[in-house]
Amino acid sequence: MNKSGWSWWKLGALWLLNLKGRTPDSKRALVGHSVKIAWIGLAFGLAALSLTLAIVSGFEHQLARVVAETGGHVLHQNTWLKLEDLQRRAALAPEGPVRELEIFWNTNALVVGPKGGKGVNLEAFRRFDDAGDFVAQKYNKDGLSEDDIKIFDEFSSSKIPVELGSALSDYIGAEVGTSIRVLIPGVTRSSLDLEVIGIRKLGMYELDSRWMRAPEQALRMALLAKDRAEFEARAGDAHGIRYFFKDEWSGPERKTELALWSNRYAAQLNSSEIEEMHNPFLRTWFEQKQNLFGSIGMDKQVLSLVLALLCLVSALNVAAALVILFLERDKEVALLRAIGMTRRRLLLWIVSQGFLLGVGSVIAAAILSRVLAWGLLKLPIAQIPQEIYNLSELPVEFVMSEQLWVALFGIMASCMLSFVVGLGLVTSPFLETLSHRD
Amino acid sequence: MGKVLLRAEGLTKSYSQGGETLEILKGANLSLSSDSFVALQGASGSGKSTLLHILGLLDSQDGGKIYFEDQSVSDFKDDQKARFRLAHLGFVFQFHHLIPELNALENVSLPASMLGRDGQAEAKELLDWVGLKDRMNSFPWQLSGGEQQRVALARSLINRPQVLLTDEVTGNLDRPRSLEILELLKRIHAERQTAVLSVTHDEHLASHYKNQWHLESGLIRES
C-alpha cells in the first residue's frame, strides 16, 4: 500500500480511536467512548463464542480420546473367533495410520477388593505393534506363541496383573499392589487372584467404574491351569480386533477420514469368503458412542447459534456507534465529498473502518477468550463434577478451524453492518451541511 | 483574453418553498477564463451560493449546460462529478471544515491522497506559501480563524486546480484577516494561473477583484 492509502487508514483509525490530543472536543470524546464500548461489546461476544466452542471441543476431544483409547479407533467385533480367523481378518486391514492393534474378549465378572465387591466388565487383551506383527505369529494348541510362553509362564501359578478404572479402584478400595479376587461366571467355577498393577482415569464415570483389564495370555495360562476343560469349551479365542491410530485421529475433524478407512476395511472383509459365515460389525470411535457425540455436536451447534446471535447484536451496536460517529463528523464527510471523494470510495472507506473494528474485536476476543480460559483452568470458578467426568480441569481446546470461523464471522458482521451504515451515508445529501458552522 | 475554462449556458434553478416556487436562476450565462479573477455579488438570497455550487458540480441545475474546456460536464454521473471536482476544481467555503484530528499538513495533503498521490512535499510548500511554515504540525483547533482559512486555501490548491471557487471565505474574519486572504487569492490567481470566482457580499473586497459580476433576478450582470 502506498503512503496515500495509509493516510485513509490512519484517518479512519483516528476517528475510531478518538485519541486524546488529536481533538479537544468533549462531545467527540463521548462519541469515541460509544465506539469503544460497542467495540468491547463485540469483542466480549466473540470471546464468549470462541471460549464456548473451545470448551465444547475440549470435551469432545477428551471424550473422543478416551473412547478411542479404550475402544479402539476402529472396533471390529465378531462372535467368538479362533486366533487364525482373526489373523486372516487383520491381514485384510488397509494400509494406513494404524499405530497398534489388539485382540480382545470380554465378559462380566465380579471383583472383590479390601472395601467390597462390584460387578465389572473384565476385558482380556493382547496388544501388537501392528497388523503384520499379529499376522506373523504362530500359536500352539493352547493359543500361545513361543514368546507368550516365555513372558507369561509365571502367571499360571501366580497372581495375574490387572489394571482398574479409577472409580472402580476407589469403590473396592484397591491401590497399585493390592491383591484382589475375581469370579468369572461361565469361564471358571473358582475365583482367580489378581494384583493391581495400574489405575487409569478414563474421564468417563460409566467406564471408570466398571473397567478392568488384564493381559489375555496371563489370564489364559491361569485359566488353563485352573480348569482346562471349562476354558477349552469356549467357542473361540477372542471377540474381535481393535485398531489404534495416532492420537490426532481422535478428533471430530478426522472422523470422516476414519470412516473411509473403516469402509475400505469393511469392503475388503465383505469381498472375502471368510466373512460369509461371520458378519462382523465395524465401528469407529465416533460410532461407538454416537449418541453421546451426536448430543455434544447438537449442543455445540445450538450454543454457537445463540452466541452468534449475541455477537450479531453486538455488531449492531457497532453499526449504531458508527452512525453516531459519522453523524458527529457530518461536516467533514460533506467536505470530503465536496472536494471529490466518490460515493464508492466513501463507502469503501466506511467499510474499511468496520473492517478495522472487526479485526480489532477479533484480536481482543482472541486474547480475552484465552485469558478467560486460563482463569477457568486456574481459578476455582468453574468446578466440574469430578465423579461424573473424572476430569481435574475443564478440557479447553481451541480448534484452529473453529476459531477462524469465529474470526471471519466477527469481521464479516462488522463489515456488512458498516456497509449498511455507509449506504445510508453516501446516499444522503451533503451540500446543506457545508453551509453550517461547526 | 485567456483560454475559456468554465462556461455556463442558460442555467435555471428553482426551489419550492411554502407551496411557492422560487426561481433562483432564470437562464444565467457566464464564462470563466484562465485570467478571470471575479467577485460574484448579489443580494442576500439571490442565489450566489447556489450558482457557485452548480458551477462546482456540487448541486444540479434544472436546465442549461455547463462546459469545462468545451466538454459538457453537467450530465456527468455523481462519481464522475466527484472525480472532476477533485482533479480540476478547488473549493473554499465560509466555514473551513478542516478535519480536527489531522494537523495542518495532513489536512492539506488529504485531497492529493484521494488522487493516489503522496502530497506531503507539495503540502509543505503550499503551507509555506500561505505563510504557515511554522504551523504545519498544529491541529486546526490550535490555529486562529485566519490561519484555518489559509490552511483551507492551501488544501484547495494541492491538486493544482484550474478554477478556484470560494464562498464567503472572509465572512467570519475581521478586516485585516480578510485582506490577507484577499492578497492570497490575488497571488493564487497571478502566480498559479488559476481562475478565481469568489462569492462575497463585501463591496470593499469585491472592488479589489478584476471583474465584478452581479446576480440579479436570476441573471448575471457584469460590471
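How many residues has helix 5 of chain B, and how far does it reach from its first C-alpha to its last? Select residues 145-157 of chain B: helix 5 has 13 residues and reaches 19 Å, close to the 18 Å expected at 1.5 Å a residue (1.5 Å times one less than the number of residues; helices are DSSP runs of H or I, at least four residues, and strands are runs of E, at least two, numbered from the N terminus). This is a predicted model, in which local features need pLDDT of at least 70 and side-chain atom pairs count only at pLDDT 80 or more, while totals for chains, interfaces and linings use all residues. Residues are numbered from 1 along each chain as its sequence is written, chains are lettered from A and ligands numbered from 1 in the order in which they are written, and side-chain values use heavy atoms, with hydrogens and water left out.

Stay with helix 5 of chain B: twelve of its 13 residues are buried, so it is largely enclosed by the rest of the structure (buried means under 20% relative accessible area with a 1.4 Å probe, protein chains only).

Next, select A:Arg329 and B:Glu101, which form a salt bridge with their closest N and O atoms 2.6 Å apart (a side-chain nitrogen of Lys or Arg within 4 Å of a carboxyl oxygen of Asp or Glu). Finish on helix 1 (3-17) of chain A, which gives the most to the side of chain A that touches chain B, with eight residues.

Technical notes: Buried means under 20% relative accessible area, exposed over 50%, partly exposed in between (1.4 Å probe, protein chains only).
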